[in-house]
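Please read it with the coordinates open beside it.

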Amino acid sequence: MLYSSDLESDSENSNQQTELKIVLIGASGVGKTSIVERFVKNFFNEKQRKTIGSTFLSKVCVVNEKSYYLNIWDTAGEERFHSLVKLYYRDTNIAILCFDITKQSSFRDLDHWYQELQNSAPRNVILMIVGNKTDLEEEREVQEKEIKDWALNRNCSYIETSAKTGSNINNLFENVCKIFSEKFDKIENFLSEENLPIRKKTIVIGSNKQQQNRQKKLKQEKKKCC
């Protein structure tokens, strides 16, 4: 897998990129910012400050010869920012729900974040559960079986990471790209079987509004040619 944190890419590659919006959510202090910074900058700050509102970083990665432009939103976990965080669910392709394996309370908070996504995120959003801070395994409070059962009951994927050591950080983002690709391929195959048009340039699977805009554009093209 290849990575690039440059915000610009050559025109040839940009026409083949899939643009994805990724949102990280979870309780304050679980390591969301550290996960993003480790992935984008390969950097870890021992004295990470709490996120106020949100932060945004982008990175291009290539998985299985497919290029993905990842727009990554790191959101604040404090309760006073909850109403603001909901704004970032709009048009989200992938939601990464994070908790700290050494804090049972952060795992219980997943119920709240999951329900918010059900209420506010697009219906086709991909969910990934992340148990962070595996470098503190001796302090673990949340057992892996408990986590896997929670994820299975909600049809979510699960992975454990350590932003401090970098363990599984790249695998996390590689996996969500693969899951998205598999999901989109099913849609693409369906469109092909039904003889419907398939977009081959930058692809964004998101809200109903986006889908409506694409349908409107298709109708306009039909009027021009018929």
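Is Asn64 exposed or buried?

1. Asn64 is exposed, since its relative accessible area of 60% lies above the limit of 50% that the term requires. This residue sits in the loop that links strand 3 (54-63) to strand 4 (66-75), and its phi is positive, about 50 degrees, although Asn64 is not a glycine.

2. Before going further, please keep in mind that the model is predicted. The chain has a mean pLDDT of 78, with 67% of its residues at 70 or more. Over residues 6-14 the pLDDT is below 50, and this stretch has six contacts in the model beyond near neighbours in sequence. The pLDDT is also below 50 over residues 195-208, a stretch for which the model has 35 contacts beyond near neighbours in sequence.

3. Asp91, which is not a glycine, has a positive phi of about 65 degrees and is found in the loop between helix 3 (82-85) and strand 5 (94-100); with a relative accessible area of 24%, Asp91 is partly exposed. Asn42, which follows helix 2, also has a positive phi, near 55 degrees.

4. The core holds 29 residues, of which Ile22, Ile35, Leu70, Ile72, Ile96 and Phe173 touch the most other members. Another core, of 23 residues, lies apart from it and includes Ala95, Leu127, Val142 and Ile147. As a general matter, nonpolar side chains in soluble globular proteins tend to be buried together.

5. Helix 2 is largely enclosed by the rest of the structure, because nine of its 10 residues are buried. Leaving aside residues up to four places away in sequence, Ile35 touches Leu24, Cys98, Val130, Asn132, Thr161, Ala163, Ile169, Leu172 and Phe173.

6. Strand 2 is likewise mostly covered, with nine of its 10 residues buried. Strand 2 pairs with strand 4 in the parallel sense over eight bridges, and Leu24 stands opposite Asp74 of strand 4. Strand 2 also runs parallel to strand 5, to which five bridges join it; here Gly26 stands opposite Cys98.

7. How many disulfides does the model contain? The count comes to zero, on a rule that asks for two cysteine sulfur atoms within 2.5 Å. Cys98 counts as buried at 0% relative accessibility, and Cys156 also counts as buried, at 11%, because the term covers residues under 20%.

Technical notes: Residues are numbered from 1 along each chain as its sequence is written. This is a predicted model: local features need pLDDT of at least 70, side-chain atom pairs count only at pLDDT 80 or more; totals for chains, interfaces and linings use all residues. Side-chain values use heavy atoms; hydrogens and water are left out. pLDDT is the predictor's confidence in each residue, from 0 to 100. Contact means heavy atoms within 4.5 Å. Helices (H or I, at least four residues) and strands (E, at least two) are DSSP runs, numbered from the N terminus. Buried means under 20% relative accessible area, exposed over 50%, partly exposed in between (1.4 Å probe, protein chains only). A nonpolar core is a set of buried Ala, Val, Leu, Ile, Met, Phe, Trp, Tyr and Cys residues joined through side-chain atoms within 4.5 Å. Two strands pair if DSSP finds at least two bridges between them.
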